[in-house]
Amino acid sequence: MNTLSVSALNEQIKSLLENSFERVFVEGELSRITFHNSGHIYFTLKDKDSAISCVMFKGNATKLKFRLEEGLKVLVDGAISVYKPRGSYQINCFMIEPAGQGALALAYEQLKKKLSDKGYFDQARKKQLPKFPSKIALITSATGAALQDMLRVANKRYKNLSIDLYDVLVQGDGAAFAIASAIAQADKHRYDFIIVGRGGGSIEDLWAFNEESVADAIYQANTPIISAVGHEIDYLISDFVADVRAPTPSAAMEIALPDENELLQYLDSLSNQLTQTLSQKVYNKRQELEHLQKSFVQHSVERKLTLYKESINNLQERFNQTIAYKMQNYDVKVKNILERFPQLIENRINGYKEQISNLQKMLESNHPKLKRKKGFAQISQANKVIDLNSLNVDEEFEAQSDTVVIHAKVLQKREI
């Protein structure tokens with residue numbers, strides 16, 4: 001019986017397995033994934049009944065379009081290899097595809113979710129485009145049709161514009177790095193905005209704009225960025241991260257640049273509106289000024305003095321009229337008085353004469369000296385003439401005639 005060493009046995013097994021399973025396609029679920037510092041990826045591929053170790057070395061791992069995740073079902077293209085020192089076998093993976101969907105589609109969804117969770121798509125961080133740009137940058141291929149489309153639209157819509165071109169690869173190996181580097185460089189030159197884009201193509205052709213490095217460069221830029229990649233139906237990661245998404249490169253120019261013809265029409269309408277507004281304001285101010293002038297004239301010192309003078313003249317005129325009227329009435333009254341005065345005076349004199357005559361008669365009839373009638377005397381008491389009936393018994397009195405005064409006393413009083 002031929003006895004083998006462990007190494008010899010493992011060598012025979014290695015030769016047998018590796019020659020028998022030079023190419024295998026295995027479907028299973030990823031488990032126990034390890035991303036080694038060397039760049040190699042170690043994992044287990046399993047189903048419900050069994051498991052097998054797998055390795056994907058750095059050279060092949062860098063070509064992966066998606067990230068391996070725990071529990072993900074995949075289709076592995078590789079070969080059986082034996083690690084002789086441990087006597088273990090594994091699948092050396094050349095290529096891995098997601099089961100049921102393409103690798104690019106999965107990679108797209110994985111990166112989209114990752115960046116969304118990091119806030120790359122938040123509307124609050126998106127920057128506004130200036131209304132009237134003067135200097136912009138285009139990051140695209142100098143030989144692509146997209147550049148000519150953008151320049152044609154820019155020349156038609158807005159000629160007063162400075163455009164700098166950053167010529168980059170837009171597909172294939174190194175395209176993502178070139179695009180991200182150009183964004184970082186252009187961001188330093190204070191452009192009004194940057195357009196990053198290219199024309200249409202397959203998902204593989206457009207894939208550079210789905211790379212995380214490009215997304216990072218757009219997110220970190222301080223300059224507003226427009227993503228204009230492919231056709232209207234194409235949605236790239238750059239579209240979600242950029243401040244503005246344009247369905248095509250030419251549409252990016254239409255979105256970002258004002259139309260000179262529309263601006264001229266708008267300026268004409270503004271000019272007409274301004275002229276009308278100014279005319280109306282001038283008219284209103286003129287009316288206001290005229291009103292103020294009238295108000296000033298009406299309320300000015302000169303106007304008040306004039307009104308006072310007119311008022312004084314009116315008062316003076318009315319006073320003169322009143323005086324004239326009264327004088328006229330007085331003239332009539334004086335004339336009447338003068339006409340009646342002699343008669344009135346005469347009547348008054350005659351009346352006074354008659355009164356004097358009556359008084360003289362009364363004086364003559366009452367004065368003691370004028371009373372010559374025999375047996376009559378004037379009775380007085382305390383120098384006051386009294387009636388004889390007012391005297392009482394024992395009262396003293398005086399009896400006076402025109403020649404004699406007698407002091408007497410009432411001895412007896414008798415009524416007759």
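Leu263 is in contact (heavy atoms within 4.5 Å) with Phe132, Tyr158 and Pro258, leaving aside its neighbours within four places in sequence. The residue belongs to helix 9 (residues 260-299). Helices (H or I, at least four residues) and strands (E, at least two) are DSSP runs, numbered from the N terminus. The C-alpha atoms of Leu263 and Arg157 are separated by 9.8 Å, although the two residues are 106 residues apart along the chain.

The structure is a predicted model, in which local features need pLDDT of at least 70 and side-chain atom pairs count only at pLDDT 80 or more, while totals for chains, interfaces and linings use all residues. Residues are numbered from 1 along each chain as its sequence is written, and side-chain values use heavy atoms, with hydrogens and water left out. The predictor's confidence in each residue is given by pLDDT, from 0 to 100. For the protein chain the mean pLDDT is 86, and 96% of the residues reach 70 or more.

Ala146, Asp149, Met150, Val153, Ala154 and Arg157 in helix 4 meet Pro249, Ser250, Met253 and Glu254 in helix 8. The residues of this contact divide into six nonpolar, one polar and three charged; Ala, Val, Leu, Ile, Met, Phe, Trp, Tyr, Cys and Pro count as nonpolar, Asp, Glu, Lys and Arg as charged, and the others, Gly among them, as polar. Two packed helices are described by the angle between their axes and the distance between the axes. Helix 4 (residues 145-157) and helix 8 (residues 249-256) pack at an angle of about 25 degrees, and their axes are 8 Å apart. Axes are lines fitted to C-alpha atoms, for helices over the stretch in contact, and angles run from 0 to 180 degrees between N-to-C directions. Helix 4 and helix 8 are therefore roughly parallel to each other, a term for angles under 35 degrees.

Five strands close into a barrel in the order 1-2-3-5-4, with mixed pairing. Two strands pair if DSSP finds at least two bridges between them. Neighbouring strands of this sheet are turned by 50 degrees against each other on average, direction ignored. Strand 3 (residues 51-56) and strand 5 (residues 88-98) run parallel and are joined by two bridges, whereas strand 4 (residues 73-83) runs antiparallel to strand 5 and is joined to it by 10 bridges. Asn92 in strand 5 stands opposite Val55 and also opposite Ala79. Cys93 in strand 5 is the bridge partner of Gly78. The hairpin of strand 4 and strand 5 has four residues between the strands, and Gly87 takes a positive phi near 70 degrees there. Helix 1 (residues 6-20) lies across these two strands, running at about 145 degrees to strand 4.

A further four strands form an open sheet in the order 12-11-13-14, with antiparallel pairing. Strand 12 (384-385) and strand 14 (405-409) stand at the edges with a single partner strand each, so one side of each is left without a neighbour in the sheet. Strand 11 (residues 378-381) and strand 13 (residues 396-400) are joined by three bridges, and Gln378 stands opposite Gln400 in strand 13.

Methods: Parallel < 35°, antiparallel > 145°, perpendicular 65-115°, else oblique.
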